[in-house]
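Trainee: I would like to learn how to read a few features of a model. Where do we start?

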Amino acid sequence: MQTKNIGLRNIEVADTKISAIDGINGKLIYRGYDILDLVKKSTFEETSCLLLNEDLPTKKTLDEFSKKLVDARQIPESLEKGLRDLPKTANPMDILQAMIAMMSVYDKEKGDDREANYNRAINLISMTPIIVAAWDRIRSGKEIVHPSKKLNHAGNFLYMLTGKEPDTEITRIFDICLILHAEHSFNASTFAAREVASTRAHMFAAVSAAVGALSGELHGGANYQVMKMLLEIGSEDKVEQWIKDKLAKGNKIMGMGHAVYKTFDPRAEVLRELSKRLSEKTGQPWYNITQRIEDVTEEEMKKIKGSDIFPNVDLYSASTYYMLGIPMDLNTPIFAISRVSGWTAHIIEEKFAEAAPKPMLYRPKAVYVGKYCGPSGCEYVPIEKRLVDV
Ligand SMILES: CC(C)(COP(=O)(O)OP(=O)(O)OC[C@H]1O[C@@H](n2cnc3c(N)ncnc32)[C@H](O)[C@@H]1OP(=O)(O)O)[C@@H](O)C(=O)NCCC(=O)NCCS
């Protein structure tokens, strides 16, 4: 008998108070607050504080949280030296995963209580962008730009990456991108983080596992593929034929469709606006090309399958990041810079949730469909008598 639950689709495995997705109505809620409201009124710092706590912070709590984030903006010297010694061809996600695991060595917190984990979360949120920016500078043969203590989280990352302080509009656009990607319930990387945390492993082990899960192209890598598609298509007039050819060959169009949203992904709605603003600001064609991809894919899918398809978060984030001047292979690390807030909130929930049912070690069951030789097992054949290589 084969398992009915491949990929755990639609299997409820835990309670969470952190976020909710309504895939039918296209809503994403962080701790009770609509993401569309947060992108208008909040900042990444405040949203992270919201995710790590039960509600929106008071001014005092937010000030303390933001100060701790800024105070933690310092990469340990030996970690920086270690980065410089690595092969420049290394993938930024591999670097990030390794460096986050290494951060446990420098952890100043004692024990595994809630407060220690809250402080670890702040350190991780602060350090992730520093590692990503430092690695990009090192691999391109440039001097590392050390963090600024006067810029906000979004502005500081762009500053460390480029060496220039971004203007307020660019900073706000990136800030909104960070809010949008901060949390998305039990996606693959968050589940990986919670699973590791459920063994009582420390937060750095759980977050580095999450980075590993995010690195795969079925999860964090899709917006890189979208940008590759945009560059390959090159102009609006080539979109229709390109999409038709891909669909005729049975290929998927990256950035379209979602496993949970069966309507417009609310994050795509916001990113579409940001991509439009950046195209107008920079005079680049990527918004128009992306919009044409959306329209043609919708029309063609209706003809082929008779069903609707909608853009997901990756369709417009690709061109948004590209026009912010971010190297394409940093798209997934940027996802991590933001999602580390959600991961750490989930790790804390996994370790300390008080309401029943209490979390416990994840231990799903597999259906064995391998070799079977009867109840006493197969006969062990000595190596010299094994005739066939298996
Ligand atoms: C995300 C994704 C895996 C969800 O797939 P799903 O759960 O099978 O989605 P649906 O059930 O709505 O798909 C319905 C049909 O449309 C097809 N479809 C879905 N997304 C498609 C796409 N982007 N291009 C072409 N066809 C697509 C499916 O293959 C399925 O066809 P079938 O009925 O012949 O099997 C899928 O949409 C996809 O691969 N998208 C492109 C990759 C991407 O952008 N990933 C980032 C997600 S945030």
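**Reading the ligand shell, a helix and a loop residue**

Mentor: With the ligand: by class, its shell holds 7 nonpolar, 4 polar and 3 charged residues. Keep in mind that this is a predicted model.

Trainee: How many residues surround the ligand, and which are the closest?

Mentor: The ligand is surrounded by 14 residues, and the closest are Ala-222, Lys-252, Met-256, Gly-257 and Asn-312.

Trainee: Next, helix length. What span does helix 14 reach, and what is expected?

Mentor: The expected span takes 1.5 Å times one less than the number of residues. Helix 14, residues 286–305, has 20 residues and reaches 27 Å from its first C-alpha to its last, close to the 28 Å expected. Just after helix 14, Gly-306 has a positive phi of about 70°.

Trainee: Which residues of helix 14 are buried, and what do they pack against?

Mentor: Burial is a neighbour count: 20 or more other C-beta atoms within 10 Å make a residue buried. In helix 14 the buried residues include Trp-286, Tyr-287, Ile-289 and Glu-294. The buried residues of helix 14 pack against helix 11 (222–233), helix 12 (239–248), helix 13 (266–282) and helix 15 (313–323).

Trainee: Where is Asp-107, and why does Asp-107 count as partly exposed?

Mentor: Asp-107 sits in the loop between helix 5 (92–102) and helix 6 (114–139). Asp-107 counts as partly exposed because it has 14 C-beta neighbours inside 10 Å.

Trainee: Which residues does Asp-107 touch?

Mentor: Not counting residues up to four places away in sequence, Asp-107 touches Arg-120 and Phe-204.

How values were computed:
Residues are numbered from 1 along each chain as its sequence is written. This is a predicted model: local features need pLDDT of at least 70, side-chain atom pairs count only at pLDDT 80 or more; totals for chains, interfaces and linings use all residues. Helices (H or I, at least four residues) and strands (E, at least two) are DSSP runs, numbered from the N terminus. A residue is buried if 20 or more other C-beta atoms lie within 10 Å of its own, exposed if 12 or fewer, and partly exposed in between; C-beta atoms are placed from the backbone. Two residues are in contact if their C-beta atoms, placed from the backbone, lie within 7 Å. A residue is near a molecule or strand if its C-beta atom, placed from the backbone, lies within 6 Å of it. Ala, Val, Leu, Ile, Met, Phe, Trp, Tyr, Cys and Pro count as nonpolar, Asp, Glu, Lys and Arg as charged, and the others, Gly among them, as polar.
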